[in-house]
Amino acid sequence: LSVICQTLYELRPTEYPGFCFAWLELMSHRFFMPKVINATNEAGEWVCWDSYQRLIVEMLRFFKVNIHNWAKDEAMINLYHGALRVLLVLVHDFPEFLMSYHFNFCNVIPENFIQMRNLILSAYPNSVNLPDPFDEELRVDSLNEIKNSPMMLSKFAECLAYRGIKEDIDSYLYDHKENTLVNIITKTSAPDDETQQIPSVAIHALVLYVGCHSLHQDTRRNDGVRSQRQSGEFFKEIIRRVDCKVRYYILNAIVNQLRYPNSHTYHFMCILLLVFKESEEEIIKEQITRVLIERLIVYRPHPWGLLITFMELVKNPTYQFWQQEFTQNPPELRKLFDNISQTLP
């Protein structure tokens, strides 16, 4: 099975675009996909997950490479629909696989493929019963699931080797020096020398790394409020200082962690709400709202954590959402917010 995965990887669509439809059919075949995902060794470890996630990454990367042509090309649209079906099968039959590599997959999905991103982030373990997000009596902080860490197999910390960001983050989380924070902001804001694009993968890894570090400290001290405050202060400061484009990447990386009930979902939900509440600049609150709305106005499914966070934001008077100026003007935007609020219980 590993040899077949390697062969399919060598024949990936970015290298052989004319073979892309046959490639997609082969890698998702009903006699292949279940066997490769369910394959285990004597210790019960999944032996082919890493190989198969590389195939999913390459499937998604092909859309990112051809992002400028896909909407006008009927073949690309058909391939997109085929890829959605493959992901739907994985969400339904093998959700643990998608959950474990969500970091890798989100990094290669084009920014405007929001439904595809939502689909991946909607995966949750078969053993978990999702609470009704529209239940007015639901209290997220009382759920037992928020004490459990999600399964993650992505090596996101390795992405922080980019420009030596990891050393700066570790140093800042230890001593909170101003010049270290400036270094982090500079390294995450400067375009890549080769692609001339913002290093979105490094930003995504930074968000996840800082969150995991805070949760680890929380476990050691048994003080969740302090870890949320510490992590929230870091993100509040970095979000305040960067420009709108980098801020958009940071906020999207945070929202990528709003999935099924687990410690990461609750932690990043609290961080996002804290940044919204305590930010003095309205543009920051407006951008947070934009990122959430973008994920909600597309067709379902919507991740559970996304729904919970948005409902808390608009229904809890603490955040004064409906008093913000950007919810009033222009009239078209106000109408959109009214329509969304009417769909909420």
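The following questions and answers concern a predicted model.

User: Is threonine 327 buried or exposed?

Analyst: In this predicted model, threonine 327 lies in the loop between helix 16 (304–315) and helix 17 (331–343), and it touches Phe321, Trp322, Arg334 and Phe337, not counting residues up to four places away in sequence. Its relative accessibility is 0%, and because buried means under 20%, threonine 327 counts as buried.

User: Which elements give two or more residues to the lining of the largest cavity?

Analyst: A search of the whole structure finds one cavity of 30 Å³ or more, and the largest cavity has a volume of about 40 Å³. Its lining consists of Pro13, Cys20, Trp23, Leu24, Met59, Phe62, Phe63 and Leu79, which divide into eight nonpolar, no polar and no charged residues. The elements that give two or more residues to this lining are helix 2 (20–27) and helix 4 (49–65).

User: How many residues apart in sequence are the parts tied together by the pair of tyrosine 80 and phenylalanine 113?

Analyst: Among the 18 aromatic pairs of the structure, tyrosine 80 and phenylalanine 113 form one that is edge-to-face, with 5.0 Å centre to centre and 80° between the planes. Tyrosine 80 lies in helix 5 (residues 74–93) and phenylalanine 113 in the loop between helix 7 (102–108) and helix 8 (114–121), so the parts that the pair ties together are apart in sequence by 33 residues.

Technical notes: Residues numbered from 1 in each chain as written. Predicted model: local features only at pLDDT ≥ 70, side-chain atom pairs only at ≥ 80, totals over all residues. Heavy atoms only, no water. Helix = DSSP H or I, 4+ residues; strand = E, 2+ residues; numbered from the N terminus. Buried < 20%, exposed > 50% of the residue type's maximum accessible area, 1.4 Å probe, protein only. Contact = heavy atoms within 4.5 Å. 1 Å grid on protein atoms, 1.4 Å probe; cavity = no way out; pocket = protein on both sides within 12 Å on 5 of 7 lines; lining within 4 Å. Points joined across faces, edges and corners; volume = space filled by probe spheres on them. Nonpolar A, V, L, I, M, F, W, Y, C, P; charged D, E, K, R; others polar. Phe/Tyr/Trp six-rings, centres within 6.5 Å; stacked < 30°, edge-to-face > 60°.
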